[in-house]
Structure formats: structure tokens, C-alpha cells
Amino acid sequence: MEQAEYYDTFENNLLKELLRLCTSHQMLSGTLLSSEDIDERWKEYAPEYMADAVPQVNAFPAAAIAWAGYVGMAVAHRWDVDWENYSTEPYEKLHGEQGFDDMDEHIMQNILGLSLDSEEAHKIEDMMRRLGETALTLIRRERIEPQSPMAFHVYARVVKVMFKIGAAIELKRLGYKFEQVNLPNMGAGMAQC
């Protein structure tokens, strides 16, 4: 199997597994909610996120994965609130007072507007932790040599999936959903939010 095909297969399998996990915990409804605007934002944020997260992988591997989910939630929230103003927001605005280290709490409290002690914040935190641990388990099953180019590429795919899952969780939390749309002369189709 070619490398690109391997990475694509790994990414698709991971996405299915994390979507299944979120659905089993009622955080999603079996569908990955998405928007091209949100997905495009990851392309801009990914290099900076990777620069922050990769040094954390050895000490805090699950967090270095899970924080990408919080970034996805923040971008989805900004997309819903006022995309015209936030569409060019620099990545650093997602950092907390301690930079990358407390980005999760900053996003939860200052962007999503949730009290860190709230039931909803605890539910999101628990889900992100489970997702990070599940992704880490799937990476380890691949028996990829640590700190190799392959490990880097797999990690890049993992955080991309986490970003998408985080965005989907926030879109669902905000009330977005897929709906069946009947288009004239085209039959039934699915519309993105």
C-alpha cells in the first residue's frame, strides 16, 4: 500500500471510530457535521498547532491530540457567532494565559462561554479525553516507529480528525443538524449545515 493510501485509510478508520464513540455518548448523532469554512481554517491553523503540540507528545500524548478537538470547537463556535469578524482570527487568540498548556480551559470558558465547573464542561472534557485516548490507542496499534516521518504524518492526520470531531460536537451543541432536502428534479439529498 502506498504511503498516501495508508494515511488516508488510517484517517478514515480513525474518523469512523471517533464518530462512533461520540455517537455512543450522545455528543453526535452518527453524522459528522461540517462546513467548508471551518475545514479551511484547520489548514491555516495546522502548522501552528503542530508546532505547539509536537513537543508535548512524549509527556502528554493524549492532550496533544485532544487539544485539536477544542480548537475545532472554538472555530465552529466563532463560525456560528460572527464568521465575518472571526474568519481571520490568528491562532494565538485560542491560547490561554499559559499559551498552549491551558488552551482547553480558555476555549471552554472564554470562547464557548461555559463555566469550568458546569456539567456541560465536564461532559466535553470527558469526551475529549476519551477521544484523545482512543486515538492514541489506534496509533499505538500501528506500531509506528516513534519520532519517524511516518509518525509525524500519522499524528498530523490524527489532529486533523480531532479538529473535525471537535467542530462537529460544537455544531451539534449549537443546534445544527443534517436534514433531508428534496431538490426539484434531483431527488433526495443531504445538506450540510
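Predicted model: local features only at pLDDT ≥ 70, side-chain atom pairs only at ≥ 80, totals over all residues.
Residues are numbered from 1 along each chain as its sequence is written. Local features need pLDDT of at least 70 and side-chain atom pairs count only at pLDDT 80 or more, while totals for chains, interfaces and linings use all residues; side-chain values use heavy atoms, with hydrogens and water left out.

**Helix H5**

Let's start with H5, which runs over residues 119-141. Helices here are DSSP runs (H or I, at least four residues), numbered from the N terminus. H5 has 23 residues and spans 33 Å from first to last C-alpha, close to the 33 Å expected at 1.5 Å a residue; that expectation is 1.5 Å times one less than the number of residues. Buried residues of H5 include Ala121, Ile124, Gly132 and Leu136, where buried means under 20% relative accessible area with a 1.4 Å probe, protein chains only. What covers the buried residues of H5 includes H1, H3, H4 and H6. After H5 comes Arg143, with a positive phi near 50°.

**How H1 meets H5**

Two packed helices are described by the angle between their axes and the distance between the axes. For H1 and H5, the angle is about 145° and the axes lie 10 Å apart. Axes are lines fitted to C-alpha atoms over the stretch in contact, and angles run from 0 to 180 degrees between N-to-C directions. On the H1 side, the contact (heavy atoms within 4.5 Å) is made by Phe10, Leu14, Glu17, Leu18, Leu21 and Cys22. H5 brings residues including Met127, Arg130, Leu131 and Thr134. By class, this contact has 10 nonpolar, one polar and two charged residues. Ala, Val, Leu, Ile, Met, Phe, Trp, Tyr, Cys and Pro count as nonpolar, Asp, Glu, Lys and Arg as charged, and the others, Gly among them, as polar.

| Residue | Relative accessible area |
|---|---|
| Tyr7 | 8% |
| Glu89 | 10% |

Tyr7 sits in helix H1, residues 3-24. Leaving out residues up to four places away in sequence, Tyr7 touches Met150, His153, Val154 and Arg157. The C-alpha atoms of Tyr7 and Ala156 are 9.8 Å apart, although 149 residues separate the two along the chain.

Glu89 belongs to the loop between H3 and H4. The side chains of Glu89 and Arg78 are joined by a polar contact of 3.1 Å. A polar contact is a pair of N or O atoms within 3.5 Å; within protein, one must be able to donate a hydrogen and the other to accept it, and residues adjacent in sequence count only if both atoms are side-chain atoms.

Definitions and conventions. Helix = DSSP H or I, 4+ residues; strand = E, 2+ residues; numbered from the N terminus. Buried < 20%, exposed > 50% of the residue type's maximum accessible area, 1.4 Å probe, protein only.
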